[in-house]
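I opened my notebook for another look at a fold on screen.

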Amino acid sequence: MKPLYYAFALENMEVTPISLLTCNQEAAEMLAEEYSWTVTDYGGGYHDDTLTLRQGLRESCNIYAALTSHNIIEKQPSR
Ligand SMILES: [Zn+2]
């Protein structure tokens with residue numbers, strides 16, 4: 001699923017391979033509140049860093065992917 005989110009974001013949003021998102025506990029807590037879904041990176045941790053989309057994809061960052069899908073949902077024009 002992750003590559004699909006990224007492909008969608010790159011095509012339809014103002015997202016580029018160097019778009020920055022932060023992977024940390026705060027981001028995870030925001031996602032948990034929004035979706036009642038706890039997300040961490042592999043092994044249960046976080047990068048605790050700001051990543052580009054390229055890094056997020058290369059390092060299989062779950063938070064980056066979840067934030068990207070969150071941003072897609074948030075920015076969908078209402079129909
Ligand atoms: Zn991460």
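**Entry: the model.** I am working from a predicted model.

**Entry: a helix pair.** I started with helix 2, residues 25-35, and helix 4, residues 62-75. Their axes come within 10 Å, and I noted a crossing at roughly 50°. Angles of 65 to 115 degrees would count as roughly perpendicular and those under 35 as roughly parallel, so I logged helix 2 and helix 4 as oblique to each other. Left-handed or right-handed, I asked myself about the crossing of helix 2 and helix 4? The crossing is left-handed.

Next I looked up who makes the contact. From helix 2 I listed A27, A28, L31 and E34, and from helix 4 I63, A66, L67 and H70. Sorted by class, this contact has 6 nonpolar residues, 1 polar and 1 charged.

**Entry: positive phi.** A reminder to myself: most residues other than glycine have a negative phi. I then went to D48, where phi is near 50°, a positive value in a residue that is not glycine. D48 sits in the loop between helix 2 and strand 2, residues 49-52. Buried or exposed, I wondered about D48? The cut-off for exposed is 12 or fewer C-beta neighbours, and D48 has 11 inside 10 Å, so D48 counts as exposed.

S60 went on the list too, with a positive phi of about 50° although S60 is not a glycine. I found S60 in the loop between helix 3, residues 53-58, and helix 4. S60 has 11 other C-beta atoms within 10 Å, so I marked S60 as exposed.

Definitions and conventions
Residues numbered from 1 in each chain as written. Predicted model: local features only at pLDDT ≥ 70, side-chain atom pairs only at ≥ 80, totals over all residues. Axes fitted to C-alpha atoms, helices over the stretch in contact; angles between N-to-C directions. Helix = DSSP H or I, 4+ residues; strand = E, 2+ residues; numbered from the N terminus. Parallel < 35°, antiparallel > 145°, perpendicular 65-115°, else oblique. Left-handed = near helix turned anticlockwise from the far one by under 90°. Contact = placed C-beta atoms within 7 Å. Nonpolar A, V, L, I, M, F, W, Y, C, P; charged D, E, K, R; others polar. Buried ≥ 20, exposed ≤ 12 C-beta atoms within 10 Å, placed from the backbone.
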